Amino acid sequence: MTSARRKPYGVKGAPYAFLIPATVLFLVFFALPIGYAIWLSFRKVHVSGLGLGKGAREEVWAGLSNYTAALHDSELLHGALRVLGYGCIVVPVMLGLALLFALMLDSDKVRFTPFTRLAIFLPYAIPGVVAAMLWGFLYLPDVSPFYYVLDKLGLPQPDLLSGGPLYAALSNIAVWGGTGFNMIVIYTALQAIPAEVYEAAKLDGATPRQVALKIKIPMVAPSLVLTFFFSIIATLQVYNEPTTLKPLTNSVSTTWSPLMKVYRDAFGTNDIYAAAAQAVIIALATLLLSFGFLRAANRRQKQEAAR
Amino acid sequence: MSSLAVRKAEPAAGTTPGAAQGPPLRRRIALVPTLTLLIGALYTLLPVAWVVIASTKSGEELFSTFTFLPGSGFVDNLKDLSAYRDGVYWQWMGNSAFYAGCGALLSTVVSAFSGYALAIYRFRGRETMFNVLLAGVLMPPVILAVPQYLLLAQADLTDSYLSVLLPQILSPYGVYLARIYAQAAVPADVVEAGRMDGASEWRIFSRVALPMMVPGMVTVFLFQFVAIWNNFLLPYIMLSDDEKFPITLGLYTLLEQGANTPALYTLVITGAFLAVFPLIALFLVIQRFWSLDLLSGAVKS
């Protein structure tokens, strides 16, 4: 910046002034709550006597006891395992479909793309709660067209809302809701590939499939990594879909996912200290997993580049 | 490409790379991609089509007729829904419009300020500030929402419109998008020229830079509108008075009550249909002059 010396008064302070609203909001609604949650996670209520009267219940330092309790909590562990299983279905299927659709949209001579692109993206505009409701009804034997067809064909009618199929049923809701957005992200990256790259491949006589596998996918790898990263975070925090299906089936407990357990402990059993410790653990686990993935992906990309 | 298409393709048996081109029909429409995408569209439209049709059925028809056969009860369903608890459903719709409209507007303003500052100026702590703001994206909503509730409870603000509105104004993703757009859309010389003319920093921003950033800001607004409209966890934690519920929370409570009484199913289904409608309409109208690609932060310069 050669013009730095000519800056009039006010330029130095201007960026800070522009950032005041964001900073204030960040401090009040992000930093303070996070700090408060961490503080609470190290506290507990000490009850003296019968816990009646003033001063009988006081908040005291708890050290790591909330954390050890949370780590030994089998409900939380089972919730975490359920969500891991769920994530192992959702993330690969959703991103696989998103990549497939993006590649198809980007191929030559494909028709009806304005319609199909918008249709596949449409679920993005539908609230997760409403999506879970729509699918929830489609899973109910009484009203579902699937069961109607199965019934007419005389095929067995599985119960989609319990046991193993419940994972598929919940995963389907997330896949349905998330594929379109990720498709757009990958498709945008595909569109940014310069035309010369294709011309060269065509001159070499590469088939569309070869172009897709050898050129397109490697070139959109960064956006694939990004969509993976955000999908992992979103999946581990699943809350709305199982909560919405809960009224329709007895198989979804109030602690089905770890976040549901945090909510239950904070507002159901009123143990905000345990809930805070669990929330901190979930946040750390999420960051660990997602950044672990990012590091692994980066290392692989470097190795590939070195080859 | 056209030079290749002139050559007649030999059948797939050929091991020559030129075998990619098929018979004449396939040259005009690529069948596999088109069909794959149509199947994808069918999958995404299926539940929407179902709810549209199911909302036209009376309670009796819902359980007796084939699901994809339209019924005759739409008007009655609408009346029942409007009559439910003195029209609380429309109150929920209005609340959602308020939360999403006001929240997204404020969010866009804050994002525009911050994105502009982070893109145009060079100052100490710029990257740190940007990274710290971005880290907010990674925070699980529950680690924020529970302490937010406890803190707002101490300020006596829970169960109010503000308790749902305020925490959603700062959007890390919005700031990120705004910074990218400002970088791409506002040339440094233009800002510099404004300074040479003696314009104040605020004037340069509001009169010169902001108009250039409009397409990007529309995207931030839409993104945040959808995010707030679809939010469930925050109002679920903050609110107990159902007059202040947004539509997501209202429908959820309706489903909770209706799950055991199939008579209420039609209300839930009609309610879900009407809740889906505004955002779909919004997208259909907007996509005429707005590209979906903008959402992923792609800027064509």
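Student: What radius of gyration does chain A have, and what would a compact globule of 307 residues have?
Tutor: Chain A has 25 Å, while such a globule would be near 19 Å. The radius is taken over C-alpha atoms, and the globule rule is 2.2 Å times the number of residues to the power 0.38. This is a predicted model: local features need pLDDT of at least 70, side-chain atom pairs count only at pLDDT 80 or more, and totals for chains, interfaces and linings use all residues. Residues are numbered from 1 along each chain as its sequence is written, and chains are lettered from A in the order in which they are written.

Student: OK, what does the C-alpha trace of chain A span?
Tutor: About 85 × 85 × 40 Å along its principal axes.

Student: How many helices and strands are in chain A?
Tutor: 14 helices and two strands. These are DSSP runs, numbered from the N terminus: helices are H or I with at least four residues, strands are E with at least two.

Student: Last one: how much of chain A is buried?
Tutor: 42% of its 307 residues count as buried. Buried means 20 or more other C-beta atoms within 10 Å of the residue's own, with C-beta atoms placed from the backbone.

Methods
A residue is buried if 20 or more other C-beta atoms lie within 10 Å of its own, exposed if 12 or fewer, and partly exposed in between; C-beta atoms are placed from the backbone.
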